[in-house]
Amino acid sequence: MSEAKSLLSSVFGFSDFRPGQEEIVEAVTRGENTLAIMPTGGGKSLCFQLPALCREGVTLVISPLIALMRDQVRGLREAGVEAGALTSANTEAERDEVFEALEAGRTKLLYMAPERLAAGGTIGMLRRIGVSMIAVDEAHCVSQWGHDFRPDYLAIGRLRETLDVPLAAFTATADEETREEIVQRLFAGQAPRLFLGGFDRPNIHLAFAPKNGPRKQILTYASARKGQSGIVYCSSRAKTEDIAAALRAEGHAACHYHGAMDADDRREVERRFSQEDGLIVTATVAFGMGVDKPDIRWVAHADLPKSIESYYQEIGRAGRDGAPAETLTLYGPDDIRLRRTQIDEGLAPAERKGADHGRLNALLGLAEALGCRRQKLLAYFGEDAAPCGNCDLCDRPPETFDATTPVRMALSAILRTDEWFGAGHLIDIVMGNATDKVRARGHDGLPTFGVGKEYTKPQWQAVFRQMMGHDLVRPDPERHGALRMTENARPILRGEAGITLRRDVIRAAQSARPAVRAMVNEEDAPLLSALKAKRRALAEALRAPAYVVFTDRTLVEMAEKRPTTLDQMAGIGGVGATKLERYGAAFLEIITGGAPDPVHPMRRKMAGRSAGAVFDRLHEAQTDLARGTDGTEKPMSCTNSTLKWIAERRPATLDELERAPGMSAPKVERFGPAFLEVLAEG
Ligand code: ADP
Ligand code: ZN
């Protein structure tokens, strides 16, 4: 087994790499310059943390957010890794401690905020402490065209050249331009080894629903998930406040977050969210970059996001721990109008606006999809996939109908009124409602008046919304949102193409009480709650977020597999050696319902490793021979540390055995042959 693989389980407690991690870890460990693009939650941190442990010297980690650095450092220390952070948020005592560990050569990972790079003396200091590699998190911050641009990131390229060490850059943003900029600025144009990770996040359930009393829809969704941490994204600040208040009125722990709040208030929300179990945050998109909570169980959009990329990034905040997570995105004609208007009225050059409409169209296509949503989402990012079985359309395929005729009727109504009206008025025309407005304009005399009587109003609304979703018609901001036909509609109008639409969406929205996916089956649920309560107590004592102790996924596995010994506990994903030592017994006690058999601390350190089993057998052999083969001789025994040495070093001969600390010739004579036999067995 490679060193990396064994550290993966002994330090981080994971039995396998996630897709893509192993290749990246190998390249980074070898000291190659690398650029890895992995989706949020894909497990980027491990790709520099693990190589840092395999390599000599200190790995310098540059990351844009202080809160995230502190969380990572805390997580590493919990796992028994020497890590420290130098940021403006350090107290003097903390800073001294970091420097002391650095000078003593203990530190493996040093986290640093980019603005520190410019400070006098930093480069000299980094040289002196023996930085042997640079890892750059959120590398897209170096791109001036992105919205996360951090001028301080520009200093990283020079730092790499000055220190002359390999650099590993990580980001979740994949587009070509950003990638090129990273190569220019961090690697002086010399292409690094590129890793393009897959975009799938199979544990996230995808669902969309047309708006139908959206506030109520969100409240119903949240009530079904009471006690789980979630985010509700809203398109306006006022709405974040309104929905948070409504959630509180229904007994949820909820608070709002948006860009117009004080920095202090925002930080307080971030802190509460990361530490409390089951808090709901209603937020504008401003909430996100600083959120590294792995156990967000659901994300809901009260309004349609602005593009397919934003959608992907926002839902991606759910379920980073790999345990099941759910999402729901609401959308309606007003959203489409709002997003189109924002693009049209923005300051971007024309070709950029065209691209933005395209990204919105991709999202609308996903919203109105007729088949597996994940397949469609991944196809947008260039990946082929089979139907996923984990989206609302796989759960329940939509009912569809040939909508060519009603769509032609609608297009005709639009053209005959010179593209000057919105959906409400157009629906009155096709349904034959002689309202004042219809009569005043003489629209009751149009040949299209009343041609669509056979469809109900909700059905017509669904048709118009889907026509907008398929980009057959677009609201024109210069005509107060009047619908105008696009080129895409021409073939349908001319009778050269047909179109299939969904029939059931409106009805489904009314009746569907979204099914909640439980994290474990009914039988294991009480145990999972008990494990969570224990975790909360331990986390509160540490004044740290719950996941620093164990993630949801780890607790789920404990609840399902119910380990009864420390060895079995060590086999649970996320239980590394240090955590086993710190928390293993406490959680075992919850599972078995009693205090575990006392285990010698020396033995506990070896739990889960093959050396542990060997130790047990050596111990047994020794007990059998404590008074010699015939049970009459002088009692004799070896210390646990002697047995540990033997179990780990596996001497092959009696001579080598005698070199074990605490061994002696008489002990070798008494136990030696039996011990060698144990070792020979494996
Ligand atoms: P990101 O790519 O968004 O930075 P993180 O590095 O925060 O993702 O990892 C997300 C979650 O996945 C963390 O909770 C981490 O512990 C977990 N994780 C990472 N690698 C593995 C693995 N090989 N097996 C299981 N869980 C993993
Ligand atoms: Zn699917």
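Below we look at the zinc site and then at the cavities of this predicted model.

Let's begin with the zinc ion (ligand 2), which is held by the SG atoms of Cys372, Cys388, Cys391 and Cys394 at 2.3 to 2.4 Å. Along the chain, these donors follow the spacing C-x15-C-x2-C-x2-C. The arrangement around the zinc ion is tetrahedral because the four donor atoms subtend angles of 101 to 119°, and all angles must lie between 85 and 135 degrees for that label. As a reference point, the ideal angle for four tetrahedral donors is 109.5 degrees.

How accessible are the cysteines Cys388 and Cys394? Cys388 has a relative accessibility of 25%, so it counts as partly exposed. Cys394 is also partly exposed, with a relative accessible area of 27%. The partly exposed class lies between the limits of 20% for buried and 50% for exposed.

The structure holds two cavities of 30 Å³ or more, and the largest cavity has a volume of about 60 Å³. Its lining is made up of Phe199, Asp200, Arg201, Ile204, Leu206, Tyr312, Ile315, Gly316, Arg374, Leu377 and Leu378. Two elements give two or more residues to this lining, namely helix 12 (308–315) and helix 15 (373–380). Helix 15 supplies the largest share, three residues.

How values were computed: Residues are numbered from 1 along each chain as its sequence is written. Chains are lettered from A and ligands numbered from 1 in the order in which they are written. This is a predicted model: local features need pLDDT of at least 70, side-chain atom pairs count only at pLDDT 80 or more; totals for chains, interfaces and linings use all residues. Side-chain values use heavy atoms; hydrogens and water are left out. Donors are N, O and S atoms within 2.8 Å of the metal (3.2 Å for Na, K and Ca); water is not among the atoms, so sites may look incomplete. Four donors count as tetrahedral if all angles lie between 85 and 135 degrees; four count as square planar and six as octahedral if opposite donors are over 155 degrees apart and all others between 65 and 115; anything else is irregular. Buried means under 20% relative accessible area, exposed over 50%, partly exposed in between (1.4 Å probe, protein chains only). On a 1 Å grid over the protein atoms alone, a cavity is a set of points where a 1.4 Å probe fits but cannot get out, and a pocket is an open set with protein on both sides within 12 Å along at least five of seven lines; lining residues have an atom within 4 Å of a point. Grid points are joined across faces, edges and corners, and a volume is the space filled by probe spheres set on the points. Helices (H or I, at least four residues) and strands (E, at least two) are DSSP runs, numbered from the N terminus.
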